[in-house]
Amino acid sequence: MTPLTAIYTLTSALHDEASVAADTHNFLNSLNIDHTLRLADYSDYGSHALDLIYVRTGGTEGIFRQLLPQLRRQLGRPFFLLTSGKSNSLAASMEILSYLKQNGLEGEIIHGDEGYIRHRLGLLAQVGQARRRLATMRLGIIGEPSDWLISSTTDKQAVKERMGITLQDIGMEELLAEIESTPAEGASAEQAPTDAIRQALPGAERIYRALKSLIGRHHLQGFTLRCFDLLTAVKNTGCLALARLNAEGYVAGCEGDVPAMLSMAMVRSLFGTSGFQANPARINPKTGEMLFAHCTIPLDMVERYELDTHFESGIGVGIRGFMSEGPVTIFKASPELKRHFCAEATLLACQGEAGLCRTQMRIKLDNPADASYFLKSPIGNHHIILPGHHRHLLDELMA
């Protein structure tokens, strides 16, 4: 497998190459990272998950300035300058970074003890790999965003420029036609607790298979669905279909919420896992305890689940999922991906309170002060919940 990290070198001709080469060997070996060493050949710079410029010596500032026009054409990400601290390499890196900032470019010097550098490079490589996955993603918007998502309008071109994601509009009429022509084969009523749900399962299966057809036809890695239109059009819901499709590795979001879908895509690109799209139902600003709820959850996120009707309509098939208690992260990106919220928390319990969407999570923020975000500057209502504490990686991806 090709290493995710490529290391390119900057070396002054005033320094003895044999001595510099020996220092390079010892330094890179001490880091114990999987990498490709490119020396001074920058021809494929920008094509890896992480491209590092190893400033081996001082006196390299002018060399970098001459290279910069070529590098800017190949890379739209920050410049990462690696230095061992020998041969005035740190001083040169600081001068280079200052020059980048003066020219409106971002960068970072990777310097410190071996443990710090290894950890930092591992994190940057993981984020870089996620960015590569996002840059190839094609996500569908099936139907327009729901009418109540008045703050969630997304600029497709801005999303493309920021993360490389392609957003494609797909008319609701195409999905409805596909549902109409799809037989309800394979529907199982084994878990149906009531006659109403048992009767709704064949229709839920048709919605699932129709969505799967659209994914293949449009070459999608995911979509968001204006799902409430299904209530009137086919007297059913997409909740079960979305739960299954997320578990199969697609990004499958509700209500045509594009920022929520993009947030779920970023979670999948980083961790290879699903995210639970939900909205806060209650918040205690003093304690940081919150209740999140929605009528579907990816089936690969839960220990068990029950079938119920959809909450608002009382028809179709909804999901009441029960996820393992423990650390979670709450995440949401803004419509143009310029702002985000990320907080670490603890899932205290899943519950089934009447009068709320079917899957309900009682969550306590690790920092109760984070609750003020939801009441003062929220990014829409839907947020994404994922297992584990991952704020550092999500913050890095959105930087």
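The crossing of helices α4 and α10 is right-handed, a term that applies if the near helix is turned clockwise from the far one by less than a right angle. The model is predicted: local features need pLDDT of at least 70, side-chain atom pairs count only at pLDDT 80 or more, and totals for chains, interfaces and linings use all residues. Residues are numbered from 1 along each chain as its sequence is written, and side-chain values use heavy atoms, without hydrogens and water.

Helix α4 spans residues 114-135 and helix α10 residues 258-271. Their axes come within 8 Å and cross at roughly 125°. Axes are lines fitted to C-alpha atoms, for helices over the stretch in contact, and angles run from 0 to 180 degrees between N-to-C directions. The two helices are therefore oblique to each other (under 35 degrees is roughly parallel, over 145 roughly antiparallel, 65 to 115 roughly perpendicular, and the rest oblique). On α4, the contact (heavy atoms within 4.5 Å) is made by Gln126, Val127, Ala130, Arg133 and Leu134. On α10, Ala265, Met266, Ser269, Leu270 and Phe271 take part.

An open sheet of four strands has the order β7-β6-β8-β9, with parallel pairing. Helices (H or I, at least four residues) and strands (E, at least two) are DSSP runs, numbered from the N terminus. Two strands pair if DSSP finds at least two bridges between them. The edge strands are β7 (166-170) and β9 (251-253). The twist averages 15° from one strand to the next. Within this sheet, four bridges join β6 (residues 138-142) to β8 (residues 222-225). Gly140 stands opposite Phe223 in β8.

A closed barrel of six strands runs β10-β11-β16-β15-β14-β17, with antiparallel pairing. Its neighbouring strands are turned by 45° against each other on average, direction ignored. Six bridges join β11 (residues 289-294) to β16. Here Leu291 has Arg362 as its bridge partner. Six bridges also join β15 (residues 340-351) to β16. Thr346 is partnered with Lys364, and Leu347 stands opposite Ile363.

Helix α10 lies across β10 (276-284), β14 (326-333) and β17 (383-387), running at about 130° to β14. Helix α12 (residues 391-398) touches β14, β15 and β17. The direction of α12 makes about 145° with that of β15.
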